[in-house]
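Biologist: Could we go through the packing and strand pairing of this structure, one point at a time?

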Amino acid sequence: MSNMQWCHYRNDQLLAEEVPLASVASEFGTPTYVYSKAAILDAYGEFVRAAQGRRALVCYALKANSNLAVIELLARAGAGFDIVSAGELARVLAAGGDPAKVVFSGVGKSEADIRAALAVGVRCFNVESEPELERINALAAGTGQRAPISLRINPDVDAGTHPYISTGLRENKFGIAHERALDAFKLAASLPNLEVLGIDCHIGSQITEIAPFLAALDKLLELAGRIERAGVALQHLDLGGGLGIDYQGEQPPARGELLAAIFERVAAHPLGQRYELMFEFGRSIVGNAGLLLTRVEYLKSTPVKDFAVVDAAMNDLMRPALYDAWHGVLPVVRRVGQKVVYDVVGPVCESGDWLARNRALAISAGDLLAIETAGAYGMAMSSNYNSRPRAAEVLVDGRRALLVRSRETVESLYALERRLPPED
Ligand code: LLP
């Protein structure tokens, strides 16, 4: 079992906190995402404890899981938020989050995105290019504001992670090249409707070592020195997110360990004490706090393989199809009996529609399975492919199971579509 202590067997029945998953399925149906309130708060709390006594803001990167209830839990815990669209900003506000703790990331902010953020007063725009500086400056001039900005630098460090989620290499589309950073900061400082606050980076996701974070930090600190010497004062360093989690036995540093290493490095630098530190963690806050509950529709045997065809699919959890990602599979009722090696697949008409491969399971048709470590980039990346209504979402809190998103209805899938006018 991966690092999901909130999920455990009692009398061979799998429980989420104190709620039997079988009762979640009978009350809310399947497929259903199930999140643990305690696991989310514990993960965030580890970061907060490690940052205690430091000038630091730990933001939650909404893209990992943007359910309002998840946002609200974290908002109540004092979290800041890292957003990438006006849609995510609207969610933060709808969940009671504080716009003054919002950092706005993303390589392609539209005019509408920027206007929405200026209207509520976000903490900082993390800018990714010179044209974006000009656009924000012009829009801020229109409203008579000075927009707070940071520049995202591409530190060119290898995060050692999957190429699709590695973002700090030179050839990635993200950030401003290290060697152009100084000029970009001078440009930013010269624009009258911008206020330069900081420098940021994000080198990738599912990083399981401390070293790449420290390498990026060193580059940021070195640059910050040159920027300050050029006469542009900085107030914060934002190191992004990217801390990995345990899907299949990976051993990432503990949350507190990573932050401690970063604070130590910053403290040792002559400029270090000057800066507030910011972080944008997504996966490491919610990833291990969620699972996807699904029911076996059929056990299907072919001459070469056995398949467990379940009612969740690639549209619900895209990570295996997209990244070849590994997610653990647990039977909700543990049976004695012969285990068979299955590919766990969904009903979608694509061979890429698989959730797990070559798993030894003792199961029957009708059984429930829990797909582990699905709290991050699960529901958030889901789609309606094959006209499949998206899953329900449930938050467990001790003995309580709260529905935090209803299962979509089929009618809602085409509610925005129009039939043709009558033929004449
Ligand atoms: N900040 C920025 C600017 C980002 O681009 C990201 C993630 C984060 C923070 C949060 O990173 P985290 O702490 O969650 O690693 N869909 C992929 C992951 C894509 C990550 C994109 N950026 C997956 O399922 O593995």
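Biologist: In which hand does α8 pass α9?

Modeller: This is a predicted model. The two helices are α8, residues 211-229, and α9, residues 255-268. In their crossing, α8 passes α9 in a form that is right-handed.

Biologist: Which residues make the contact, and how many of them are nonpolar, polar or charged?

Modeller: From α8 come Phe213, Leu214, Leu217 and Asp218. From α9 come Leu258, Ala261, Ile262, Arg265 and Val266. By class, the contact of α8 with α9 comprises seven nonpolar, no polar and two charged residues.

Biologist: Are α8 and α9 roughly parallel or roughly antiparallel to each other?

Modeller: The axes of α8 and α9 come within 10 Å and cross at roughly 30 degrees. Angles under 35 degrees count as roughly parallel. The helices α8 and α9 are therefore, relative to each other, roughly parallel.

Biologist: Which residue of β11 is the bridge partner of proline 148?

Modeller: Strand β9, residues 147-154, runs parallel to β11 and is joined to it by six bridges. The partner of proline 148 in β11 is glutamate 195.

Biologist: Which residue of β12 is the bridge partner of glycine 198?

Modeller: Strand β12, residues 236-238, pairs with β11 in the parallel sense over three bridges. Within β12, the partner of glycine 198 is histidine 236.

Technical notes: Residues numbered from 1 in each chain as written. Predicted model: local features only at pLDDT ≥ 70, side-chain atom pairs only at ≥ 80, totals over all residues. Heavy atoms only, no water. Axes fitted to C-alpha atoms, helices over the stretch in contact; angles between N-to-C directions. Helix = DSSP H or I, 4+ residues; strand = E, 2+ residues; numbered from the N terminus. Parallel < 35°, antiparallel > 145°, perpendicular 65-115°, else oblique. Left-handed = near helix turned anticlockwise from the far one by under 90°. Contact = heavy atoms within 4.5 Å. Nonpolar A, V, L, I, M, F, W, Y, C, P; charged D, E, K, R; others polar. Pairing = 2+ DSSP bridges.
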